[in-house]
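Dear colleague,

I am handing over the structure that we talked about, with some notes on what turned up when I went through it. Please open it beside this message and read the two together.

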Number of protein chains: 2
Amino acid sequence: MDIYETLTSDIKINMAFGYPGPEPFQHKKISELSHKFINQEGEAVLQYSPATGLSYVKETVKNFLINKGIKINDEEELILTPGGTSSIYYTFFSLLNNKDFIITESPTFVGALNTIRFIKANILPIDIDIDGINVYALEEKLKQAIENRKKVKAIYLNPTAHNPTGVIMSDERRKHLIEIANKYDLLIIEDDPYGFFVFDTDKRFTSLKTLDTEGRVIYMGTFSKILAPGLRLGYIVANKAITDAIESLITMTAINPSTLSQFIAMYAIKEGVVDETIENARKVYRKKRDVLIEALEEYMPKGSEWYKPKGGLFAFVYLPKGVDTTEMLPTAINKGVAYVPGRNFFADGSGGNAMRINFSYPSIDKLREGIKIIGETAKEMMKH
Amino acid sequence: MDIYETLTSDIKINMAFGYPGPEPFQHKKISELSHKFINQEGEAVLQYSPATGLSYVKETVKNFLINKGIKINDEEELILTPGGTSSIYYTFFSLLNNKDFIITESPTFVGALNTIRFIKANILPIDIDIDGINVYALEEKLKQAIENRKKVKAIYLNPTAHNPTGVIMSDERRKHLIEIANKYDLLIIEDDPYGFFVFDTDKRFTSLKTLDTEGRVIYMGTFSKILAPGLRLGYIVANKAITDAIESLITMTAINPSTLSQFIAMYAIKEGVVDETIENARKVYRKKRDVLIEALEEYMPKGSEWYKPKGGLFAFVYLPKGVDTTEMLPTAINKGVAYVPGRNFFADGSGGNAMRINFSYPSIDKLREGIKIIGETAKEMMKH
């Protein structure tokens, strides 16, 4: 069973999905506000829009992001896109050529790896720890690559509430990374779908975009986790040369992000629905994270390891060496539980004993039951 | 001013847009049905969906298309996409390699030409007349191309209510085209955004997909003109090998077409809103077409030529030889009128004296005024 089948199949306890937990969704409020504005605005809601969004929607999103601490120097730096995945695709497609190198965290988001491979660019994976990507190792590998005449273009990462591990990059490393990018003339792609869901502190970590003084950071986020994934609406903050290139691609491939979705996002920001969704999600996902950690401690075989996620939707669990989570998956699915095998998150095929767990999506009872089943399945595998 | 600026600028009488005329849009009904189903369905509307659409939405769209005479052998042949432009992009991207050839009508849709060029494939343009693409000329050029060892993969066309001319391919030529495709092992990309708007007869022209017995036709359509462009929702009917390839691309680049838009389309079909939009649009656009033809006859310089559009949103007008519509555009825009210069619709740079007029979008008064201004501007140009 391939990873995308796992992600969409009808499985009792599906912890493979990238789906956000649904409890924070405000569908009644979205229903009310849609009713009102479709009636009031008429044609504008149903018609095409400019490729990167209507100016008044962008103005609202811009103010929202500035309030959350994202630096936007000029309104031309902000564009809307048809969702976070499209932002990654358009950005990589604009920037990367065949044979270019891009630095990623290791592990990193499957979708980013697949897109880089699709473009036939190369990946330079850098280990992470509890404080995010190891910037010293990064600089070492970068120097080697440059010595070997490799063309390294950019660094792709989730600094806050990393997918799949839930770690957060420290402030010190953020500053260091910006220095490295400046020194070696690299772009930074800061993919931030989960940055609003930091669990154990009310502090907002300073985004790399906000630390950026040379226009090197391409910041991307999405309404999928702070309002509704079904809208397919994301945003990018980057310098105009980059947003212009992406605008051309959107025109050719999609015309524009759904106009209706743009209006929903605008009214949802204005009427406080987005902030409410964020606050609810933080609470619900934190509670589920705590349940997950308890269940992992209770049910996982001795020698298993994980980072306690500091934010986001996911945990990355290493089983004892020798257990192969890809081989184990069909048995787990037979027992009604799915996860994503760890290998998918590594460019170099490592992570064979790891798995990604989405703890935000299942109910608390299912989460506990799912981890129990995975633990038992792993222990059985270890007997053979 | 580049074509995309013309298309989005604030111009008093904009006949350059691809926008459908807004009068047929049913925004009050869409507002009502959205209000109801977002409340009722809750999470499903706001969540991700499978890459090519929810099964129950696809079932509704399938029945709708079958009722309209489109042959769908198997439910796996139908997929939903994020709009008609994305369908073209995904299809061309899946099928065409660098250096492949694709046959198109000449003139043809700008977006298709741009996408083919972007992929670095080649265009083999074939003239059209009042009965659509000249299939005899097509077979001749195809034979030559094959003799010259060119790899011709597919034919892209709008058989019904062609963009930009509004002509309709005759039944006889449709059959002949299928025979040619079978004989030379070609795919046919039948792009049908305007097929529901045939003005002078209630006859539905048989789609190439329905005539196809060998799985060679990729049929594509969109909700943009029969419900609302702002939804960004389209559909493709094609054999499973092709829909599978497109599904992978959608997963990587967009995740899924807006789930909310899928629900709106489903309920709008079920509650008759789509059929009502189609019937209204046919009437309104036919009336505007008649006004356009009257105005062209009254105001265009002697020696101008056009096909009276049999359907769709557009007319393609040739001014007397020597008038350059690209050169003329800035003057027309200064006077408050925009059109798309004809060269954009030809692969070989011809069409310098032609222009595309969207007659569906302006009000009847603006349409008359716009054509008057264009006619006067052309006559002035001819004096110099």
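Is Ile168(B) buried or exposed, judged by its relative accessibility? Before the answer, some conventions: this is a predicted model, in which local features need pLDDT of at least 70 and side-chain atom pairs count only at pLDDT 80 or more, while totals for chains, interfaces and linings use all residues. Residues are numbered from 1 along each chain as its sequence is written, chains are lettered from A and ligands numbered from 1 in the order in which they are written, and side-chain values use heavy atoms, with hydrogens and water left out.

Ile168(B) counts as buried, at 3% relative accessibility, where buried means under 20% relative accessible area, exposed over 50% and partly exposed in between, with a 1.4 Å probe and protein chains only. Ile168(B) sits in the loop between β6 and α8 of chain B; helices here are DSSP runs of H or I with at least four residues, and strands are runs of E with at least two, numbered from the N terminus. Setting aside neighbours within four places in sequence, its contacts (heavy atoms within 4.5 Å) include Ile130(B), Pro159(B), Ala161(B), Phe205(B) and Lys310(B).

That loop of chain B also holds Pro164(B), which a cis peptide bond with an omega of about 15° joins to Asn163(B). In chain A, a cis peptide bond likewise links Asn163(A) and Pro164(A), with omega about 15°, and Pro164(A) lies in the loop between β6 (152–157) and α8 of that chain. Ala161(A) is placed in the loop between β6 and α8 of chain A and has a positive phi of about 60° although it is not a glycine; Ala161(A) is also buried, with a relative accessible area of 1%. Arg232(B), in the loop between β8 (217–222) and β9 (234–237) of chain B, has a positive phi of about 50° and counts as buried at 5% relative accessibility. For context, most residues other than glycine have a negative phi, and most peptide bonds are trans.

Turning to helix packing, the axes of α7 (residues 135–147) and α8 (residues 171–184) of chain A come within 10 Å and cross at roughly 15°, the axes being lines fitted to C-alpha atoms over the stretch in contact, with angles from 0 to 180 degrees between N-to-C directions. That makes α7(A) roughly parallel to α8(A), a description used for angles under 35 degrees. Among the residues that make the contact are Leu138(A), Leu142(A) and Ile146(A) of α7(A), and Leu177(A) and Ile180(A) of α8(A).

The largest nonpolar core has 162 residues, of which Leu227(A), Tyr235(A), Leu227(B) and Tyr235(B) touch the most other members; such a core is a set of buried Ala, Val, Leu, Ile, Met, Phe, Trp, Tyr and Cys residues joined through side-chain atoms within 4.5 Å. A second, separate core of 57 residues includes Ile102(A), Leu96(B), Ile116(B) and Tyr156(B). Beyond four places in sequence, Leu227(A) touches residues including Phe25(A), Ile30(A), Ile264(A) and Val273(A).

Finally, Thr253(A) of helix α10 (residues 240–253) of chain A counts as buried at 4% relative accessibility. Not counting residues up to four places away in sequence, Thr253(A) touches Tyr90(A) as well as Thr85(B), Ser86(B) and Tyr89(B).

With best wishes

Conventions. Parallel < 35°, antiparallel > 145°, perpendicular 65-115°, else oblique.
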